[in-house]
Amino acid sequence: MDLVSTVATISDILRVMRALGRVPFLPPAAQPYADIDAPLPIGHGQTNSQPSTVAAMVELLEVPVGGSVLDVGAGSGWTTAILGRLVGPSGRVIGVERVPDLTGRAAATLATLDMSWVEIHQAVPGRLGWPDGAPYDRILVSADADELPMELVDQLAPGGVMVIPVASVMHRIRREESGRLMDTHHGLYAFVPLIL
């Protein structure tokens with residue numbers, strides 16, 4: 001894949017997060033708390049992640065303009081929208097969510113943002129990610145896995161990067177062109193569990 005070499009910096013990420021805001025992605029009861037740097041409930045035991053955590057994860061992801069990105073555990077669609085703004089119209093973002101009500105609400109919110117290159121799909125039971133769209137240059141996982149899910153690693157393009165919490169530790173997985181995986185750790189985080 002020919003990618004523009006530009007990758008999102010933390011200032012790009014924060015600018016996009018401010019421009020999008022958090023309110024449209026939250027249920028009414030949580031909207032008054034949108035400016036608080038904390039995870040907020042969105043229903044069904046799921047949360048809209050803490051903004052500082054989202055910024056840190058997306059910075060680790062090094063999102064390229066024009067890239068192909070998979071967002072696993074899309075929830076409210078907020079991170080899917082952030083990723084969509086960062087890759088731009090020459091890119092592609094696919095968000096996947098397992099809770100049908102959240103998928104529907106996220107799709108409705110994303111539809112108001114005029115980003116035709118961003119999609120959200122209902123997760124298929126027993127299957128992680130969205131293999132139909134693979135390979136991806138970047139994969140963001142916003143749920144805690146017990147162990148590194150090779151089913152998602154297999155959807156990562158050579159040279160691609162996945163950011164995922166595994167047993168509460170944030171991992172940055174890079175698949176080298178040779179296929180070898182480079183795994184670095186980036187602190188402790190609390191997330192809802194990744195469920196197949």
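## Close-up views of a predicted model

View 1. An open sheet of 7 strands runs in the order β5-β4-β3-β6-β7-β8-β9, with mixed pairing; helices (H or I, at least four residues) and strands (E, at least two) are DSSP runs numbered from the N terminus, and two strands pair if DSSP finds at least two bridges between them. β5 (118-122) and β9 stand at the edges, each with a single partner strand, so one side of each has no neighbour in the sheet. Direction ignored, neighbouring strands of this sheet are turned by 15° against each other on average. The model is predicted, so that local features need pLDDT of at least 70 and side-chain atom pairs count only at pLDDT 80 or more, whereas totals for chains, interfaces and linings use all residues. Residues are numbered from 1 along each chain as its sequence is written, and side-chain values use heavy atoms, with hydrogens and water left out.

**View 2. Strand β7 and its two partners.** Strand β7 (residues 156-166) is mostly covered, with 10 of its 11 residues buried, where buried means under 20% relative accessible area, exposed over 50% and partly exposed in between (1.4 Å probe, protein chains only). Strand β6 (residues 136-141) pairs with β7 in the parallel sense over 4 bridges, and Ile139 has Met162 in β7 as its bridge partner. With strand β8 (residues 169-175), β7 pairs in the antiparallel sense over 6 bridges, and Val166 stands opposite Val169 in β8.

**View 3. The hairpin of β7 and β8.** This hairpin has 2 residues between the strands, and Ala167 there takes a positive phi near 50°, although Ala167 is not a glycine. Ala167 is exposed, with a relative accessible area of 51%.

View 4. β8 and β9 pair in the antiparallel sense over 6 bridges, and His171 has His185 in β9 as its bridge partner. Met182 belongs to strand β9 (residues 181-188) and, at 32% relative accessibility, counts as partly exposed. Apart from neighbours within four places in sequence, Met182 is in contact (heavy atoms within 4.5 Å) with Arg172, Ile173, Arg174 and Glu176. The C-alpha atoms of Met182 and Val161, which are 21 residues apart along the chain, are separated by 9.3 Å.

**View 5. Helix α2 and the residue that follows.** In α2 (51-61), 8 of the 11 residues are buried, so this helix is largely enclosed by the rest of the structure. The buried residues are Pro51, Thr53, Val54, Ala55, Met57, Val58, Leu60 and Leu61, and they pack against α1, α3, β6, β7, β8 and β9. Just after α2, Glu62 takes a positive phi of about 50°, in a residue other than glycine. Glu62 lies in the loop between α2 and β3 (68-72) and, at 35% relative accessibility, counts as partly exposed.

**View 6. The largest pocket.** The largest pocket has a volume of about 560 Å³. Of the 35 residues that line this pocket, the closest to its centre are Gln46, Gly73, Ser142, Ala143 and Val192. On a 1 Å grid over the protein atoms alone, a pocket is an open set of points where a 1.4 Å probe fits, with protein on both sides within 12 Å along at least five of seven lines, and lining residues have an atom within 4 Å of a point; grid points are joined across faces, edges and corners, and a volume is the space filled by probe spheres set on the points. The largest share of the lining, 3 residues, comes from β2. By class, the lining of the largest pocket has 19 nonpolar, 13 polar and 3 charged residues, with Ala, Val, Leu, Ile, Met, Phe, Trp, Tyr, Cys and Pro counted as nonpolar, Asp, Glu, Lys and Arg as charged, and the others, Gly among them, as polar.

**View 7. The second largest pocket.** About 260 Å³ of space lies in the second largest pocket. Of the 14 residues that line the second largest pocket, the closest to its centre are Met17, Arg18, Ala34, Pro51 and Trp78. Both α1 (10-20) and α2 supply at least two residues each to this lining, whose residues divide into 8 nonpolar, 2 polar and 4 charged.

View 8. The peptide bond from Ala134 to Pro135 is cis, with omega near 5°, and Pro135 lies in the loop between β5 and β6.

Technical notes:
Axes are lines fitted to C-alpha atoms, for helices over the stretch in contact, and angles run from 0 to 180 degrees between N-to-C directions.
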